[in-house]
Amino acid sequence: MISITVTALVFGIIFLAELPDKTALAGLVLGTRYRASYVFAGVAAAFLLHVVLAVAAGSALTLLPQRLVHALTGVLFLGGAAMLLLKKDDGEEEIKKPADQSFWKVAGTGFMLILVAEFGDLTQIMTANLAARYDAPVSVGLGAVLGLWAVAGLGIVGGKALMKRVPLRLITQIAALLMLALGAWSLYEAVAA
């Protein structure tokens, strides 16, 4: 069964956490050079793989005692908030251009870029954390993958316009505040349980 509440919460957290990330900028750069649908296919496949791995890891955490899971997820949320608040802008990374513009070359470039860049990234860790926190793997996975795909789509199609209208720092601060609140709530539940 899918929980709309959990799916929406996870979507919001992952969307806001991923928006200021380097992979959104990479998607923007790839989208300006290649057919957007080809880029999105590769990027979406890589994000789906990352979400499946993260949800599996987070679901394994639910086998631990509930108090320990709340304490662990609280600390991870607070760590994620700190990472967002203390993150320095890396600038744009260099992306190799495939020799041809075929679907498989472009999608493969997008897939490999995201696969490597996102492994162990904040949003993958947060997805595992949310899967452990809510014990609703399908809802968490759906919210996370939709959040990541939404950011990828925005980055590929209209990232420049969004970044001109909404300050990146504000987006980062909102994501960090959400993670701080979830971290504090998880730690409260660990102590109060």
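The following dialogue goes through a predicted model and asks why its features carry the names they do.

Tutor: In this predicted model, local features need pLDDT of at least 70 and side-chain atom pairs count only at pLDDT 80 or more, while totals for chains, interfaces and linings use all residues. Residues are numbered from 1 along each chain as its sequence is written, and side-chain values use heavy atoms, with hydrogens and water left out.

Student: How many helices and strands does the protein have?
Tutor: It has eight helices and zero strands, in the pattern α-α-α-α-α-α-α-α along the sequence. Helices (H or I, at least four residues) and strands (E, at least two) are DSSP runs, numbered from the N terminus.

Student: What describes two packed helices?
Tutor: The angle between their axes and the distance between the axes. For helix α3 (residues 36-61) and helix α5 (residues 103-118), the axes come within 7 Å and cross at roughly 35°. Axes are lines fitted to C-alpha atoms, for helices over the stretch in contact, and angles run from 0 to 180 degrees between N-to-C directions.

Student: Is the crossing of α3 and α5 left-handed or right-handed?
Tutor: α3 passes α5 in a right-handed crossing. The term is left-handed if the near helix is turned anticlockwise from the far one by less than a right angle, and right-handed if clockwise.

Student: Which residues of α3 and α5 meet?
Tutor: Among them are Y38, V39 and F47 in α3, and F103, V106 and E118 in α5. By class, this contact has 14 nonpolar, three polar and one charged residues. Ala, Val, Leu, Ile, Met, Phe, Trp, Tyr, Cys and Pro count as nonpolar, Asp, Glu, Lys and Arg as charged, and the others, Gly among them, as polar.

Student: What makes Y38 and F103 an edge-to-face pair?
Tutor: Rings of Phe, Tyr and Trp (its six-membered ring) pair if their centres lie within 6.5 Å; planes under 30 degrees apart count as stacked, over 60 as edge-to-face and the rest as tilted. Y38 and F103 are 5.2 Å apart centre to centre, with 85° between the planes, so the pair is edge-to-face. Y38 lies in helix α3 and F103 in helix α5, so the pair ties together parts that are 65 residues apart in sequence.

Student: Why is the pair of W185 and Y188 called tilted?
Tutor: The ring centres of W185 and Y188 are 5.5 Å apart and the planes stand at 35°, so the pair is tilted. Both residues lie in helix α8 (residues 168-192), three residues apart, about one turn of the helix.

Student: Why does T123 count as buried?
Tutor: Buried means under 20% relative accessible area, exposed over 50%, partly exposed in between (1.4 Å probe, protein chains only). T123 has 3% relative accessibility, so T123 counts as buried. Buried residues make up 43% of the 193 residues in the protein.

Student: What does F103 count as?
Tutor: F103 has 29% relative accessibility and therefore counts as partly exposed. W185, at 45%, also counts as partly exposed, as does I125 at 34%.

Student: Which residues is T123 in contact with, leaving aside its neighbours within four places in sequence?
Tutor: They are I14, A17, E18, E118 and L148, where contact means heavy atoms within 4.5 Å. T123 lies in helix α6. T123 and I14 are 109 residues apart in sequence and 6.0 Å apart in space, C-alpha to C-alpha.
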